[in-house]
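Here is a short report for a first look at this structure. Keep the sequence and the 3D view open as you read.

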Amino acid sequence: MIMSDTTESFISREVIGSEIAPTAELDPGTTPPLIQTEDLSLFYGPDRALKNISLQINEKIVTAFIGPSGCGKSTLLRCFNRMNDLIDNVRIGGLVKIADQDIYSKDVDVIELRKRVGMVFQRSNPFPKSIYENIAYALRLHGSNKADIEDIVERSLRQAALWDEVKDRLQASALGLSGGQQQRLCIARAIAIKPEIILMDEPASALDPIATAKIEELILELKKDFSIVIVTHNMQQAARISDYTAFLYLGELIEYDETRKIFTNPAKKQTEDYVTGRFG
Ligand SMILES: Nc1ncnc2c1ncn2[C@@H]1O[C@H](COP(=O)(O)OP(=O)(O)O)[C@@H](O)[C@H]1O
Ligand SMILES: [Mg+2]
């Protein structure tokens, strides 16, 4: 296809409308680097899911991974807290560093790593326990005392924009909450242990538009305190909430840049075709 002059305006009008990601108070280019990968490759048995990915993710911004289903977004995300370790026959090459530490080196305590790098999944997965206990459980495991736990539960629920909806029924089952509330509870649970990084794998894809909007608002709020990496197949969502966007295709990092640039003036034709909805 020959790129016409109208392409750029087409993209901005059709894909992101007026909702382009605000990079306002925090210039993503100036926050310090936090996650770095060098030549990262990953194989499931004989199948290569990631091909020589090198990228740097900075602190206290939202970074989105986009790309068609099966391109390796979740796999890449899981490399950052070694969740892929739990899968058989996985082989990883290259380097992943978080705050300059090689997280795959032998002396890394994976439990500690996962405290620093929390994760929220597509399907909210609260424990079949009370709302309170969903958060208190992990805190108790980590040795917090009762008074601290009460404070942290409240603080986390407030921070996850859920407190007002649940403060009168903390002892009720978490499974009685709506899907969107359950997902915010999972976010509260993740932030209770004060991670530096929160990984989110399509956290709103099972939710209705109103619940999705709440999660998006929450993410913009949370980036003041946390560094967030989010996988989404929803390009409007990436455009609305992320500062940087990485486009993956067939296990390769095709393009990685400021979200604004990816959606209005991508450097690669493949990116342009994807963000304008020509494939995927
Ligand atoms: N546990 C697994 N075992 C084997 N292959 C997997 C596993 N998880 C993902 N894959 C394969 O790795 C590739 C990338 O998958 P994934 O990271 O889930 O992509 P995405 O999140 O972009 O949809 C796909 O071809 C997928 O089938
Ligand atoms: Mg996925």
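Which residue in β9 is the bridge partner of Phe65? The partner is Ala246. This is a predicted model, in which local features need pLDDT of at least 70 and side-chain atom pairs count only at pLDDT 80 or more, while totals for chains, interfaces and linings use all residues. Residues are numbered from 1 along each chain as its sequence is written, and chains are lettered from A and ligands numbered from 1 in the order in which they are written.

**The sheet**

Strands β3 and β9 pair in the parallel sense over four bridges. Pairing requires at least two DSSP bridges between two strands. The open sheet has six strands, in the order β6-β7-β8-β3-β9-β10, with mixed pairing. Its edge strands, β6 and β10, each pair on one side only. Helices (H or I, at least four residues) and strands (E, at least two) are DSSP runs, numbered from the N terminus.

| Strand | Residues |
|---|---|
| β3 | 62–66 |
| β9 | 244–249 |
| β6 | 117–120 |
| β10 | 252–258 |

**The helices**

In α4 (residues 131–141), Ile131, Asn134, Ile135, Ala136 and Leu139 are buried. Buried means that 20 or more other C-beta atoms, placed from the backbone, lie within 10 Å of the residue's own. Their cover includes α5, α6 and α7.

Ile152, Ser156, Leu157 and Gln159 in α5 meet Ala188, Ile191 and Ala192 in α7. Such contact puts C-beta atoms, placed from the backbone, within 7 Å.

Terms used. Two residues are in contact if their C-beta atoms, placed from the backbone, lie within 7 Å. A residue is buried if 20 or more other C-beta atoms lie within 10 Å of its own, exposed if 12 or fewer, and partly exposed in between; C-beta atoms are placed from the backbone.
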